[in-house]
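Please look over the model below before reading the points.

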Amino acid sequence: MLELDEYKLELQKYKKPLEEVKASLDIEGKENRIKELEAAMEAPDFWDDIEKSGQTMKEIKGLKGTLEQYNAIKQEFDDIETMIEMAEEENDEDLTAETGEMLRGFVKKFEDFRIETLLSGEFDANDCTVKINAGTGGTEACDWTSMVYRMYTRWAEKKGFTVTLIDILDGDEAGIKTVTFQVSGYHAYGYLKSEHGVHRLVRISPFNANGKRQTSFCAVEVLPVIDDAIEIEVADDDIRIDTYRASGAGGQHINKTSSAIRITHIPTGIVVQCQNERSQHQNKDQAMKMLKSKLYLLKEQENAEKMSGIKGETFENGFGSHIRSYFLQPYTLVKDSRTACETGDAYRVLDGDIDSFINAYLVWKAAGDE
């Protein structure tokens, strides 16, 4: 049967990649790490440090999830091989059709899983902090910032990740001037690092009485949440801490007390702020974590520049510097300028369907690093 021969050839294409994925995952190493962490959980004082124990549980869940995915995909590969043999022996058309359906499902699952194996950076498994700033375009840019914020929250929801609002400043007329939030979930930073850069929107502005097409921008900054195991020294004399009254939703306590915190790192000019926690102390802790993440990455970037002699990645929040364009008029299209990945279903992308762009970036970045 011609179809069965095609299925057999298609399945064999994935035999070597499946072995390569197994090797890159270091299955035995992950199994040993799980045993090590589970042994640590048996210590009587394990739950005394809630933050540390939470990180341990999260790592175990991530490692087990990866192993379960690999084992399920390997089992599916073996099942399809068996189905092909049975269909050949019995010359059964229904069995052949079922084999084709299984193969198509396997290919989709395997390709998605292979992308995850590219998430091997130092902080790829970590949570991340995302900051979106409105750029060129006035009220239109503020509206665009709110659309991008919604896009990421919808994406996180579909991935089963948690989004925690850290800081937000509404636009004067509509939308958001700037918003900072944390995305928590295994490989959150690994995925969302692809979104770092300027995003451009082209549409007929709802804020323009003449119905003219307008271009607006917002800048997305993505930072990993770095745990306390990495020591970052921040001298008291190097920072200025300002308190102010929080704005927006959050209850009477948040809005009526000066609990919001803004920290300025004087030597670098880095500014971070947090207003979403209920107390000034909690906001300060969150802001300091963000500052330390920025300082750590800045140091790493400077070291890389010294080694390579090249300038680090920077961008202007306006024309000529965007990483991705979203066209809503006169046609719908979303295109990434780095990978050339594109889709005509712009509204689906804005509803959080950005995995194709993330995957294309990871493949593109891996190819560039080779």
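The numbered points that follow concern a predicted model and take up its nonpolar cores, a pocket and a loop residue.

1. The largest nonpolar core has 56 residues. Val130, Ile132, Tyr152, Val183 and Leu291 are the members that touch the most others in this core. Helix H6 supplies the largest share, eight residues.

2. Leaving aside residues up to four places away in sequence, Leu291 touches Val234, Ile239, Ile263, His265, Ile270 and Val272.

3. As background, nonpolar side chains tend to be buried together in soluble globular proteins.

4. Two or more lining residues come from each of helices H2, H3, H4 and H9 and strands S2 and S3. Helix H4 (50-90) gives the most, with eight residues.

5. What is the make-up of this lining, counted as nonpolar, polar and charged residues? There are 13 nonpolar, 15 polar and 15 charged residues in the lining of the second largest pocket.

6. Thr136 sits in the loop that runs between strand S1 (128-134) and helix H6 (138-159). Its relative accessibility is 38%, so Thr136 counts as partly exposed; that class lies between the buried limit of 20% and the exposed limit of 50%. Thr136 and Ser216 are 80 residues apart along the chain, yet their C-alpha atoms are separated by 5.6 Å.

Notes. Residues are numbered from 1 along each chain as its sequence is written. This is a predicted model: local features need pLDDT of at least 70, side-chain atom pairs count only at pLDDT 80 or more; totals for chains, interfaces and linings use all residues. Side-chain values use heavy atoms; hydrogens and water are left out. Helices (H or I, at least four residues) and strands (E, at least two) are DSSP runs, numbered from the N terminus. Buried means under 20% relative accessible area, exposed over 50%, partly exposed in between (1.4 Å probe, protein chains only). Ala, Val, Leu, Ile, Met, Phe, Trp, Tyr, Cys and Pro count as nonpolar, Asp, Glu, Lys and Arg as charged, and the others, Gly among them, as polar. A nonpolar core is a set of buried Ala, Val, Leu, Ile, Met, Phe, Trp, Tyr and Cys residues joined through side-chain atoms within 4.5 Å. Contact means heavy atoms within 4.5 Å.
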